[in-house]
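The exercises below are meant to be worked through with the sequence and the structure side by side. Please try each task before reading its solution.

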Amino acid sequence: MSYVDEEIASQPDCWRRAETVAAGAAGLPSRGERVAVVGCGTSWFMAMSYARLRERLGVGETDAFQASEFPTGRRYDRIVAITRSGTTTEVLDLLRSVDTPTTAIVGDPAAPAAELATNSVLLPFADERSVVQTRFATSALALLRAHLGEDLDPLAADAEVTVRAPLPIDPTRVEQVTFLGRGWTVGLAQEAALKCREAAGFWAEAYPAMDYRHGPISIAAPGRVVWAFGDVPEGLAEDVEATGAAFVHSRSSGGYAVLGNWAAGRQPLDPMADLILAQRFAVAVAISRGLDPDAPRHLTRSVVLT
């Protein structure tokens with residue numbers, strides 16, 4: 001078993017531990033604060049999801065940025081940086097350059113980001129040996145969802161299903177996957193596609209579900225898959241199936257909708273638990289191609305620029 005396999009399987013426990021951390025963490029956004037959430041790669045996608053969740057709940061205006069693209073002329077009450085290693089150059093440069101209160105959510109307690117930020121929230125139990133991020137990213141989002149007042153027990157129960165359930169599609173028989181989301185799940189869709197590209201060098205894309213019919217559907221075809229997280233627009237499943245592509249969605253009549261009945265009677269699964277299936281799919285594609293998912297091509301655990 002690879003490191004990433006073990007880390008994927010540990011997510012239900014990590015989410016429960018993140019909920020405990022959230023209860024006593026200092027520096028997480030207060031109600032009414034105007035907040036920017038930043039990260040790179042996977043962490044940026046988690047920032048996107050949190051920003052949409054926070055705004056949906058009416059807690060405060062929230063924007064998400066790739067760390068190098070932060071608009072330094074814009075004023076925020078707090079900047080939250082999500083960074084597993086705490087050594088990513090763009091994140092450290094931003095933390096050094098602003099006078100806004102900052103909070104770093106970090107996997108390594110000894111990382112520079114934890115020292116530079118005004119506050120740091122440490123998740124060492126979610127840190128990883130694998131280059132490919134899985135449990136740290138979802139644990140950071142679990143922490144933030146718990147801080148927004150969500151009960152994570154049902155989410156963890158869903159995750160316990162998806163760490164062991166059969167994959168909804170055979171990784172050896174798929175040419176391409178497009179992941180879709182709406183609202184806060186657009187970030188999850190982006191992350192699912194990134195996992196396929198990182199772990200397996202596999203052609204995967206991601207789009208907002210409402211935008212899919214504005215061009216991207218043109219590549220849908222037999223042997224390809226459209227995998228949707230959360231709510232989907234009316235008629236989208238039928239439009240995808242008309243192309244010959246397979247449609248994967250926890251609320252659809254086919255696919256893996258039955259899993260919702262295994263997760264404490266919940267249907268559909270929480271989209272963050274659904275992401276676990278996509279993580280496992282990416283690893284399975286890598287293995288089917290003879291690749292090591294712990295050692296993806298051209299990647300290192302942290303991007304440190306000279």
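**Exercise 1: The parallel sheet**

Task: work out in which order the five strands of the open sheet lie, and how they pair.

Solution. Five strands build an open sheet with parallel pairing, and their order is 2-1-3-4-5. Strand 2 (62-66) and strand 5 (119-122) are at the edges with a single partner strand each, so one side of each has no neighbour in the sheet. On average, neighbouring strands of this sheet are turned by 20° against each other, direction ignored. Here strands (E, at least two residues) and helices (H or I, at least four) are DSSP runs numbered from the N terminus, and two strands pair if DSSP finds at least two bridges between them. This is a predicted model, in which local features need pLDDT of at least 70 and side-chain atom pairs count only at pLDDT 80 or more, while totals for chains, interfaces and linings use all residues. Residues are numbered from 1 along each chain as its sequence is written, and side-chain values use heavy atoms, with hydrogens and water left out.

**Exercise 2: The buried side of helix 4**

Task: list the buried residues of helix 4 and say what they pack against.

Solution. In helix 4 (residues 89-97), Thr89, Val91, Leu92, Leu94 and Leu95 are buried, that is, under 20% relative accessible area with a 1.4 Å probe, protein chains only. These buried residues pack against strand 1 (35-39), strand 3, strand 4 and helix 5 (112-116).

**Exercise 3: The whole model and its confidence**

Task: state how many helices and strands the protein has, and where pLDDT stays under 50.

Solution. The protein has 11 helices and nine strands. Of its 306 residues, 57% count as buried. The mean pLDDT, the predictor's confidence in each residue from 0 to 100, is 92, and 94% of the residues reach 70 or more. Over residues 252-265, however, pLDDT stays under 50. Where pLDDT is low, the predicted coordinates should not be read in detail.

Terms used
Axes fitted to C-alpha atoms, helices over the stretch in contact; angles between N-to-C directions. Buried < 20%, exposed > 50% of the residue type's maximum accessible area, 1.4 Å probe, protein only. Contact = heavy atoms within 4.5 Å.
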